[in-house]
Amino acid sequence: MYVDPKRNQQAGNLAWILPYCKPDLPRVAGAVVLFCVNNTMALIIPLLSGLIVDRVITQGHVDELTRLCVMMLVLTVVRVGLPLRLPNVDGTLRTELRLSSRQRRIRKTART
């Protein structure tokens with residue numbers, strides 16, 4: 001897609017790139033949302049570890065340990081497992097991650 005460079009000379013940092021993103025705006029917005037969700041989950045896990053240290057180890061609230069550990073496990077599984085179920089840009093699922101090395105070589109040579 002061609003965008004005239006003289007069209008938006010007074011645009012701010014983001015306004016100049018919007019004409020390029022316009023055809024794929026839902027995908028760009030979805031990518032930004034998933035990026036934020038992934039980074040939020042990545043930050044929550046160390047916070048839960050800190051809660052385990054503060055409440056369970058130092059204050060002795062052992063009853064909270066199971067709940068905090070389950071939350072950490074669920075967040076880890078979702079954060080690691082969700083990208084395997086999301087489609088690639090072309091709509092195909094990422095099945096290459098579950099293939100053996102021999103099957104990956106066969107697919108790679110078939111594509112070329």
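Which pattern does the chain follow when read along the sequence?

**View 1. The whole chain, from end to end.** Read along the sequence, this predicted model shows the pattern α-α-α-α. That gives 4 helices and 0 strands to find your way around. Of the 112 residues in the chain, 12% are buried.

**View 2. Confidence along the chain.** The average pLDDT of the chain is 77, with 69% of the residues scoring at least 70. Among the elements, helix α2 (residues 25-58) has the highest mean pLDDT, 88. Helix α4 (residues 101-111) has the lowest, 73.

**View 3. The largest nonpolar core.** Which residues form the largest nonpolar core? There are 8 of them: Met41, Ile45, Leu48, Ile52, Val56, Leu68, Met72 and Leu75. The elements giving two or more residues to this core are α2 and α3 (65-85). Helix α2 supplies the largest share, with 5 residues. As a general background, nonpolar side chains tend to be buried together in soluble globular proteins.

**View 4. Close-up on Met41.** Zoom in on Met41, one of the residues of the largest nonpolar core. Leaving aside residues up to four places away in sequence, what does Met41 touch? Its partners are Leu75, Val78 and Arg79. Leu75 is itself a member of the largest nonpolar core.

**View 5. Contacts across the sequence.** Take the contacts in the chain between residues at least 6 apart in sequence: 25% of these join residues at least 24 apart.

Methods:
Residues are numbered from 1 along each chain as its sequence is written. This is a predicted model: local features need pLDDT of at least 70, side-chain atom pairs count only at pLDDT 80 or more; totals for chains, interfaces and linings use all residues. Side-chain values use heavy atoms; hydrogens and water are left out. pLDDT is the predictor's confidence in each residue, from 0 to 100. A nonpolar core is a set of buried Ala, Val, Leu, Ile, Met, Phe, Trp, Tyr and Cys residues joined through side-chain atoms within 4.5 Å. Buried means under 20% relative accessible area, exposed over 50%, partly exposed in between (1.4 Å probe, protein chains only). Contact means heavy atoms within 4.5 Å.
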